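Please read the points with the sequence and the model side by side.

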Amino acid sequence: MDLLYDKTVTCLYCDHTFPTKKVRQGMQAAISRDTDFCTYYKEQQCNPILYTVSVCPQCGFSFTEHFSTTLTPQARELVKQQIAAKWQKKQFGSLRSIKTATAAYKLALHAAVLTDQPHSIKAGLCLRLSWLYRFLQDEAEEQRFIQFAAEEYERSYEHSDYVVGDKEMSEVRMLYLIGELKRRIGSLDDAVRYFSKVVQMKGETIETGIVHMAQEQWSLARQAHSEQRKQHATS
């Protein structure tokens, strides 16, 4: 519990102020990281992604710090009809299990769709949902949300909305992540194409670690693609 603290946030829809748990930065080091940036900690119950989403106990509107702080009149009406009118008051502001965090992310994804948040925001929610299902060892749901994340990241790249929607996402990181998600769901042609884009930017970026990862994953994707073609040829 020493790793967590209470942060006061204000609902973007109803302006209700409420406390929610957050993880103290720098209090625990990562012990491992998957190739799609899913991170593991010694105290997984205090993994920061469990507490990324804030859920308003008053109206049910759920959001992250990356959400637009201004809701259009049309978006507010949709939230009123689809979320607030149906909400039964619940508390998400205390210690969260992985399943509770999963519920919070699904609420935030619903809110993101209704309020037309950038594709990068919706992609990030889907990606983190896939990680939560990975923690739960639910491969079917993990794959389903990886698919959604890949599709939303592709739309984000096409519209360049990641530039304003996610300040931590660079073009190189975006291209690599799409490639890796495509590789994980077996879309190997697409994976190779996106990894190649990253490698071609080798001399244009300071993110050399991402380029190196893209080279490694490009090799894995090419090998898997070759094996896939052999299987089709013999079947």
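1. Glutamate 152 and its surroundings. The model is a predicted one. Leaving out residues up to four places away in sequence, glutamate 152 touches His119, Lys122 and Ala123. With the side chain of histidine 119, the side chain of glutamate 152 makes a polar contact at 2.8 Å. Glutamate 152 counts as buried because its relative accessibility is 14%, under the 20% limit for that class.

2. The helix that carries this glutamate. Glutamate 152 lies in helix α4, residues 139-159. The 21 residues of α4 should span 30 Å at 1.5 Å a residue, and the end C-alpha atoms are 30 Å apart, so the two values agree. Buried residues of α4 include Glu141, Glu142, Phe145, Ile146 and Tyr153, along with Glu152 itself. Just after α4, serine 160 has a positive phi of about 55°.

3. The nonpolar core. The largest nonpolar core holds 70 residues, and those with the most contacts inside it are Phe61, Phe67, Leu125, Tyr153, Leu181 and Val198. Helix α3, residues 119-135, supplies the largest share of this core, with ten residues. As a general matter, nonpolar side chains in soluble globular proteins tend to be buried together. Leucine 125 is in contact with Val53, Thr64, Phe67, Tyr105, Ala108, Leu109 and Ala112, when neighbours within four places in sequence are set aside.

4. Phenylalanine 135. This residue is placed in helix α3. Is phenylalanine 135 buried or exposed? Phenylalanine 135 counts as buried, because its relative accessibility is 17%. Not counting residues up to four places away in sequence, phenylalanine 135 touches Cys38, Thr39, Tyr40, Gln44, Asn47, Ile49 and Ile98. The C-alpha atoms of phenylalanine 135 and lysine 99 are separated by 9.9 Å, the two residues being 36 residues apart along the chain.

5. Helix α7. The buried residues of α7 are Leu188, Ala191, Val192, Tyr194, Phe195 and Val198. Val198 is also among the residues with the most contacts inside the largest nonpolar core.

6. The hairpin of β1 and β2. Strand β1, residues 4-10, pairs with β2 in the antiparallel sense over seven bridges. Leucine 4 has valine 23, in β2, as its bridge partner. Six residues stand between the two strands of this hairpin, and aspartate 15 in the turn has a positive phi of about 70°. Strand β2, residues 17-23, is mostly covered, with five of its seven residues buried.

7. The cysteines. How many disulfides does the structure hold? The count is zero. For cysteine 59, the closest cysteine sulfur is that of cysteine 11, at 3.6 Å, and this is too far for a bond because a disulfide requires sulfur atoms within 2.5 Å. For cysteine 46, the closest cysteine sulfur is in cysteine 38, at 16 Å, which is also too far for a bond. Cysteine 59 counts as buried because its relative accessibility is 6%; cysteine 46 counts as buried because its value is 7%.

Terms used. Residues are numbered from 1 along each chain as its sequence is written. This is a predicted model: local features need pLDDT of at least 70, side-chain atom pairs count only at pLDDT 80 or more; totals for chains, interfaces and linings use all residues. Side-chain values use heavy atoms; hydrogens and water are left out. Buried means under 20% relative accessible area, exposed over 50%, partly exposed in between (1.4 Å probe, protein chains only). Helices (H or I, at least four residues) and strands (E, at least two) are DSSP runs, numbered from the N terminus. Two strands pair if DSSP finds at least two bridges between them. A polar contact is a pair of N or O atoms within 3.5 Å; within protein, one must be able to donate a hydrogen and the other to accept it, and residues adjacent in sequence count only if both atoms are side-chain atoms. Contact means heavy atoms within 4.5 Å. The expected span of a helix is 1.5 Å times one less than its number of residues. A nonpolar core is a set of buried Ala, Val, Leu, Ile, Met, Phe, Trp, Tyr and Cys residues joined through side-chain atoms within 4.5 Å.
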